[in-house]
Amino acid sequence: MTMQPASTEIVSRTAAIIHEFKGLEGPLLPILHGIQEEFGYVPQDSLPVIADALNISNAEVHGVATFYHDYRSHPAGRHVLKVCQAEACQSMGSDAVAAKLKQLLGIGFHETARDGSVTLEPVYCLGLCACAPSAMLDGEVIGRLDDEKLDEIVAEVRS
Amino acid sequence: MIPRIYIPGDSGALALGAEKVAKAIEAELAARGIEAKIVRNGSRGAYFLEPMVEVATAKGRIAYGPVKPSDVKSLFDSGFLTGGHHKRWLGAPDKIPFLAKQTRLTFARCGINDPLSLDAYKSLGGLKGLQNAVAMAPADVVKQVTESGLRGRGGAGFPTGIKWKTVLDATADKKYIVCNADEGDSATFADRMIMEGDPFVLIEGMAIAGVATGATKGFVYIRSEYPHAVAMMRKAVEVARKAGVLGLNVLGSPNAFDMEIRVGAGAYVCGEETSLLNSLEGKRGVVRAKPPLPAIQGLFGKPTVINNVISLASVPIIMDKGAAFYKDFGMGRSRGTIPIQIAGNVRNGGLFETAFGLTLGEIVDDIGGGTATGRPVKAVQVGGPLGAYFPRGLFATPFDYEEFAKRDGLIGHAGITVFDDTADMLKQARFAMEFCAIESCGKCTPCRIGSTRGVETIDKIAGGIEPEKNIALVTDLCNTMKFGSLCALGGFTPYPVMSALTHFRDDFKPAPVAEAAE
């Protein structure tokens, strides 16, 4: 697993991110995005620092951080593989794609491989609905998934 | 003249290998010592032909597609830089039937040039609408938009001009324009395509909205699943600022307007306008009760125009060519054009902009060319996860807001997902409930609890447990969700569920018990 930084370090790096975005109108989501980009997840220790800086309650920051699917409470694997499970991809066999990936990677949705190589997640639409079934690996889009492409993806995350 | 090669940088094209094709072309150019300019354009939207590579020749553009990296060497051997024949040769892009049959108003420029070239944008009529708008009184701009008959392309179909008038008439120290680019509906990619392929048309539309209503600040809220669109819009805003399209003096006029790109965080419900406003404010994306309307008390409590990407991107052509020009297209109360997105199990998938009025059958069979698998079409879902499933028996329905409503459906954001005869409609109905349960913001009970109970009840039907009683229960539950939910998520989830139940009842019958073996 990825090493998690010590709490004092989290606080100081969080403060720097808050400083960067605090001037925006409605800065909380940009701050949380910045924190996730910095640490790969939103550490618990960041939340009171944000609450204090924005003069809102801890509960409110916690509520926002947990409402949105994107914000992680724990680090993800080295790769993040999102597989579309929405209707257009369903019509082209995304169920079977997901089943095959789960089998090849030995993990289910919302799980990270034990060697920390990859986190597998469902996603509901990547806007690649005319190139279904589709997936996103570390921000790179892949359409018309077939067995060959799935094998390539698995080889890449394992390398 | 140095040859120009156009290779799309659009996500859809990238998903089909455009980057590898670009690398292969670069390598081949280097190996052959040919000097050429590679332009990364957007996509024209014919995804069944992507990656579609174009070359500028003396006789105009010639397209090739779908190009694989392994085709590149033979393309050069066939003299593709001068339009030579090859098995991937498609001819002039605007003569390709899928593209030639379209009426491109909103997408007129999408996919043709470098999306970040403001000069290219202007050379194809860009900024004329904004130039006209800054020279007019705000009320006259609003009048043009109202008279064009433009209705919200996000799904609700509310007249855009009326929304704008409410904001114009509101008095406040600050007003906002918010663009809803949280395009979460499956089968839709029009917003993504325009942001990646012609970002200036959205910026121009938002600036016109600002000039028309007295708003000085705009936000584009883009879903995080669209990283390429986010990057493109951010760069385009920078270019527009430097060129004086945005800033204290829009195109040299006394109107100030600037904008910011914001990124969502994976919540489908934030496509609902009030939930989006909460999210922009830095809150949980929970739906707000209406009234107050966002036009009166929207973002940070200020009067706010909140429009979908396509609504705003359709405004520049209206302000350029006039309300009458735009209104001339379409049927009934559905005026202008609509970018129909043909997706899922379909042979010719892509974006097809056309005047309202084509029938569903024409779209699916003639333009879409039937299923990709070659099997019969069983159902098409129109309007995303909250849209109804239509059987072939309803294929005569014209593409029009009211005609779809009459048949218990909606056109939504105009995405169409095609399913072949292997689709299990009970499973699709169950998914609609499951998706609602995953994405519900939790504010109202019919949506929060109803969706979970819906999944359980449909599972009972699938298991053959009192099917008739449970079908009646699902029907009753759908009624409660439809009329008791605060927003379209809970309120429209009944559309896919009830349409599946109504039109595909056989799929809800208990599976026949296998004959006992002798």
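## Strand pairing in chain B

Two strands pair if DSSP finds at least two bridges between them. In this predicted model, strand β12 (residues 337-344) of chain B meets that criterion with β13(B): the two pair in the antiparallel sense over six bridges. A hairpin of five residues connects β12(B) to β13(B).

Strand β13 (residues 350-355) of chain B is largely enclosed by the rest of the structure, because five of its six residues are buried.

## Helix packing in chain B

Helix α7 (residues 138-147) of chain B packs against helix α8 (residues 160-169) of chain B. Their axes lie 7 Å apart, at an angle of about 160 degrees. Angles over 145 degrees count as roughly antiparallel, so α7(B) and α8(B) are roughly antiparallel to each other. Their crossing is left-handed.

On the α7(B) side, the contact is made by B:P138, B:A139, B:V142, B:V145 and B:T146. α8(B) brings B:T160, B:G161, B:I162, B:W164, B:K165 and B:L168. By class, the residues of this contact are seven nonpolar, three polar and one charged.

## Contact between chains A and B

Chain A gives 34 residues to the contact, and chain B gives 47 residues. On the side of chain A that touches chain B, four elements each supply at least two residues: α2 (28-39), α4 (58-67), α5 (87-90) and β5 (140-142). That side of chain A has 21 nonpolar, nine polar and four charged residues.

Conventions. Residues numbered from 1 in each chain as written. Chains lettered and ligands numbered in written order. Predicted model: local features only at pLDDT ≥ 70, side-chain atom pairs only at ≥ 80, totals over all residues. Buried ≥ 20, exposed ≤ 12 C-beta atoms within 10 Å, placed from the backbone. Axes fitted to C-alpha atoms, helices over the stretch in contact; angles between N-to-C directions. Parallel < 35°, antiparallel > 145°, perpendicular 65-115°, else oblique. Left-handed = near helix turned anticlockwise from the far one by under 90°. Contact = placed C-beta atoms within 7 Å. Nonpolar A, V, L, I, M, F, W, Y, C, P; charged D, E, K, R; others polar.
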